[in-house]
Amino acid sequence: MTAVHTPVGGPQLEQVRRIVTEVPGPRSEELAARRSAALPAGLTSGAGIYTAAAGGGVLVDVDGNSFIDFGSGIAVTTVGNAAPRVVERASRQLAKYTHTCFLATPYEPYIAVAEALNRITPGDHEKRTALFNTGSEAVENAVKYARAATGRPAVVTFDHAFHGRTLMTMTMTAKNQPYKSTFGPFAPEVYRAPMAYPYRWPSGAENAADEAFAQFGMLVDSQIGADSVACVVVEPIQGEGGFIVPAEGFLRRIADFCRDRGIVFVADEVQAGIARTGTWFASEHEGVVPDLIVTAKGLAGGMPLAAVTGRAEIMDTAHAGGIGGTYSGNPAACEAALGVFETIEADGLLERAQTIGDIMFRELRDIAATTDIIGDIRGRGAMVAIELVQPGTKTPNREVVAAINRYCLTHGLLTLTAGTFGNVLRFLPPLSISDELLVEGFSVLREAFAAL
């Protein structure tokens, strides 16, 4: 490939939307050809561009095109790509040692991350934290902790849930295509309850919390048996399912139900946690204190790190040697996470997420006033989505999502899709984005709707 100047990422990157080639451009096309010869066909990517640098609110591809970033690597670079404190801490650690394995010769950064998560997660009870590599791995380990603590086998999840692609988390995930199709058989003792999905609840949003909870209670008490249920695992805001915010009061009732029956209540905050919604954790919006809370994605600013944090009496039940992994809690990833915590607190990013959310809701409501295909606008903080439908109905409109996504890409805006029916556009801008770029991004989205 022809050598070109590679820009430096981070906040010093020029904050501009600029398209200088066809999208994808010639260098991205070259990389795509190499990819097709080297990678399996099923390993796909949402956009056909290849990254050269990212930071602030933009991503620059190998052809020099600069895109406004409304995806944050799927909610990972919440504090901004190549954020200075993250880069400085991780780089300094890499120069000391890259790995020793915490299970063999431990190190302080792991402990410091655990202490921080014990401090910032909801509840003032005594806590413990264990670190892992991915969200899927952390969810699986939360189930292990719950089973060890209760001596029970069953796991309850919800419609529209996404928990990962490993055997257990794939089983816990609701959507068949593309996550489960052809990959069975699945793990046993996983059950699914209805989610209180206000927009699509059959008898209306006002009944969603009561009726969904009643069905959940019947499933656990009558069909499974509460004394067989180890844990209930729920996303406080469902991510891949379409940024579904459960009906008000539903999560609190589930948590209370679990506490009454000795069931471990697990909050999967892989996508919604770490300042994304304007609080450290989305559970806080409902005043819910989970027994176990799972984090990943935004935890280490792009480095692979995940965690399970929870009540000491639960976390201490797993036997010695039963939990861990070769790379779990890698020291460079731990230092990156400490940089994330520092950035959120020093730069006031909880408040920034709320401000970004206010702007996104304002812009999306303005767009919705011009079209009859936006059925719902929902989310919290800097985690917002729109559900697109056929005019005058609630029939999912998957085709128009693809058209809008493509228009945005070719005009310099990176967006992501979601939803059980593939008809949701989700917006996850980094909290380092400027108001100006944020509004400009929605001007592109407005043009995409007008071009339909």
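I began at Val156, which stands opposite Tyr191 in strand β6. I note that the model is predicted, that local features need pLDDT of at least 70 and side-chain atom pairs count only at pLDDT 80 or more, while totals for chains, interfaces and linings use all residues. Residues are numbered from 1 along each chain as its sequence is written, and side-chain values use heavy atoms, with hydrogens and water left out.

Strands β5 and β6 (residues 190-193) run parallel and are joined by four bridges, and two strands pair if DSSP finds at least two bridges between them. Strand β7 (residues 229-234) also runs parallel to β5, through three bridges, and its Cys231 is the bridge partner of Val155.

For burial (under 20% relative accessible area, 1.4 Å probe, protein chains only), I found five of the five residues of β5 (residues 154-158) buried, so the strand is largely enclosed by the rest of the structure. Ala154, Val156 and Phe158 point one way, Val155 and Thr157 the other.

I turned next to helices α11 (residues 349-368) and α13 (residues 435-450), which pack at an angle of about 25° with their axes 10 Å apart. That makes α11 roughly parallel to α13, a term for angles under 35 degrees. Among the contacts (heavy atoms within 4.5 Å), I listed Ile356 and Ile359 on the α11 side and Leu438 and Phe442 on the α13 side. The contact residues divide into 10 nonpolar, no polar and six charged.

Methods:
Axes fitted to C-alpha atoms, helices over the stretch in contact; angles between N-to-C directions. Helix = DSSP H or I, 4+ residues; strand = E, 2+ residues; numbered from the N terminus. Parallel < 35°, antiparallel > 145°, perpendicular 65-115°, else oblique. Nonpolar A, V, L, I, M, F, W, Y, C, P; charged D, E, K, R; others polar. Buried < 20%, exposed > 50% of the residue type's maximum accessible area, 1.4 Å probe, protein only.
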